Amino acid sequence: MKKKRIVVLGATGSVGQTVLREIAAHREFFEVVGIACQRNVTRAQELLLEFNISALAITDETIHITSDRKIYRGSAGLMAMVTELDFDALVVAISGIDGLKPTLRAIDRSKDIILASKEILVEAGDLVMQRARERGVQILPLDSEHNAIFQCTRGETGEIQKLQLTASGGRFWNLPVSAMEAATPEIVLNHPKWSMGAKITVDSSTMANKGLEIIEAMHLFQVQAEQIEVLVHPECVVHSLVEFVDGNILAQLSPTSMAYAARACLFFPERGIASQSEKLDLAFLGSLHFYAPDLKKFPCLRLAYEVARRKQSLHIAYNAANEVAVELFLAHKISFLSIPQILDAVLEKIDDRTFATLEEILAVDQMVRSQACQVARRFAF
Ligand code: MG
């Protein structure tokens, strides 16, 4: 049998490592032909040996290494790698918008996309999905909620009435607001349920992550903002639910690990093979809980609901301003509660617009980032 050839962008990050562990557990089915990292070259070089990979892109241009493998450098190098290598599917697990250009390049080359970077669909969902349809490319969502919906809607011809995205609620969902006032990056990065990268862990705590996922779901499943609900589900076992027009609801369940979504994406359109990994024991769990989110306590989620009903310029601004604010919080320059305040102040300045080209999208993204930096000065310690 021919092995599926995989390229992993963000190979040294949390999601990238999960995907690679799944590949390592199923080496007879998959072959890694290229990886990209930002600056963790020590881990990247270990991966080159472990998976016998012939190409590595390092996006941080200041880093030089010597290697007997093909090394690409900078964002131009990353594009060259995605253009030159022969592969079947591209795993995009770079946090933020940096994966957008290589994703579009891979789509143009008719390669399937295993997408973890939700920011790409939030900012450029129409462009990406339209080009994927034109090229007959499958966008496979690796985000656990969207992967759940993808699994529930596979082969389904019925109309979707509503999507219910589940959320862990993050670190603060059952703590008083005073706990958020006192939150430091060190406290926030200690997530109770999911082990993830720093940016997404902060987003989970503000629930901006769920906000981004609402917009991501609109693009992936062609639904309106009004059709999406968020449900806080602290056990993180039901990864999302789909209600069809006839009132029937399907849900996807698995243990709290990205491995199950990664497996579903890697093996698609097959179901994969018998797995030795942890099985869900519902009798042991006994009960599952669901709560409506508190939009007063989580203004980032309230803002996302508003933004989702408006045009692309607001979606770009939501993502870009949030990224800037999170970076400043992680650098101890603003407080945790300043994140939604900066977001709110930036969004107020943005008019409703849509954009046809990648260049326009990236220009607005840049403009919003500098606005967010300016606004953030008012909130600096
Ligand atoms: Mg998610």
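Predicted model: local features only at pLDDT ≥ 70, side-chain atom pairs only at ≥ 80, totals over all residues.
1. Side chains of opposite charge can pair when their charged atoms come close.

2. Next, the division of the chain. Domain 1 covers 4-142, and domain 2 covers 146-379. Their C-alpha centres lie 22 Å apart. Between the two domains the count is three salt bridges. Ten residue pairs are in polar contact across the interface, with both residues at pLDDT 80 or more.

3. Which elements of domain 1 give two or more residues to the side that touches domain 2? They are strand 1 (4-9), helix 1 (14-25), helix 4 (100-108), helix 5 (118-135) and strand 7 (139-141). Helix 5 gives the largest share, eleven residues. By class, this side of domain 1 has 18 nonpolar residues, nine charged and seven polar.

4. Now the extent of the interface. On the domain 1 side, 34 residues are in contact with 39 residues of domain 2. The size of an interface is often given as the accessible area lost when the parts come together. Here the two domains bury about 3200 Å² between them. Carbon and sulfur atoms account for 69% of that area.

5. Look at the metal site. What are the protein donors of the magnesium ion? They are Asp-143 (OD), Glu-145 (OE) and Glu-213 (OE). These donors lie 2.1 to 2.2 Å from the ion. Along the chain they follow the spacing D-x1-E-x67-E. Asp-143 and Glu-213 link distant parts of the chain, 70 residues apart. Asp-143 sits in the loop between strand 7 and helix 6 (144-153), whereas Glu-213 is in helix 10 (residues 208-221).

6. Back to charge pairs. The structure as a whole holds 22 salt bridges. One of them joins Arg-5 and Asp-86, with the closest N and O atoms 3.7 Å apart.

7. Two backbone details deserve a look. Most residues other than glycine have a negative phi, and most peptide bonds are trans. Cys-236 has a positive phi of about 55° although it is not a glycine. Cys-236 is placed in the loop between strand 9 (228-232) and strand 10 (238-244). The peptide bond from Phe-268 to Pro-269 is cis, with omega near 5°. Pro-269 is found in the loop between helix 11 (259-267) and helix 12 (282-285).

Terms used. Residues numbered from 1 in each chain as written. Heavy atoms only, no water. Domains from an automatic or database assignment. Contact = heavy atoms within 4.5 Å. Buried area = accessible area lost by both parts, 1.4 Å probe. Salt bridge = Lys/Arg side-chain N within 4 Å of Asp/Glu carboxyl O. Polar contact = N/O pair within 3.5 Å; in protein donor to acceptor, adjacent residues only side chain to side chain. Helix = DSSP H or I, 4+ residues; strand = E, 2+ residues; numbered from the N terminus. Nonpolar A, V, L, I, M, F, W, Y, C, P; charged D, E, K, R; others polar. Donors = N, O, S within 2.8 Å, 3.2 Å for Na, K, Ca; no water.
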